[in-house]
Amino acid sequence: MRDHDARYMKGIDLIAAFVLAIGGVCWGSVGLFGVNPVEVVFGTMSLLSRLIYAIFGVAALYEIFFYRVIQRRWECSPWPLETERSPA
């Protein structure tokens, strides 16, 4: 059962990372080109565009608050590594 839960949560992690990446690309296009793809496709502050922004925000909060849990789930070492730190 635990293996199934871990695979399920890894799927959630991937979805959140994908949504966060898409949100970053959207905001990058706003900053670089002055074009908001969400508003172009769904309209300026329509219900659907606000839902898209909320999904971006939820994905970002998930990644922020569960950063360490996600690292352990994927068996990643925390950053910065102890060997990368400069001596005091």
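**Figure 1. The protein chain reads α-α-α-α along its sequence.** This is a predicted model, in which local features need pLDDT of at least 70, side-chain atom pairs count only at pLDDT 80 or more, and totals for chains, interfaces and linings use all residues. Residues are numbered from 1 along each chain as its sequence is written, and side-chain values use heavy atoms, leaving out hydrogens and water. The protein chain has four helices and zero strands. Helices are DSSP runs of H or I with at least four residues, strands are runs of E with at least two, and numbering starts at the N terminus.

**Figure 2. A nonpolar patch on the surface.** Its members are Leu-32, Phe-33, Val-35, Val-40, Val-41, Phe-42, Leu-48, Leu-51 and Ile-55. Together they have about 900 Å² of accessible area (Shrake-Rupley method, 1.4 Å probe; for residues, only the protein chains shown count as cover). Helices H1 (2-33), H2 (37-42) and H3 (47-65) each supply at least two patch residues.

**Figure 3. Ile-55 in helix H3.** Ile-55 counts as partly exposed because its relative accessibility is 39% (buried is under 20%, exposed over 50%, partly exposed in between; 1.4 Å probe, protein chains only).

**Figure 4. Thr-44 in the loop between H2 and H3.** Thr-44 is exposed, at 63% relative accessible area. Beyond neighbours within four places in sequence, Thr-44 is in contact (heavy atoms within 4.5 Å) with Glu-39 and Ser-49.

Key. Patches are made of residues with over 30% relative accessible area and no salt bridge: like charges are joined within 9 Å, nonpolar side chains (Val, Leu, Ile, Met, Phe, Trp, Tyr) within 5 Å. A salt bridge is a side-chain nitrogen of Lys or Arg within 4 Å of a carboxyl oxygen of Asp or Glu.
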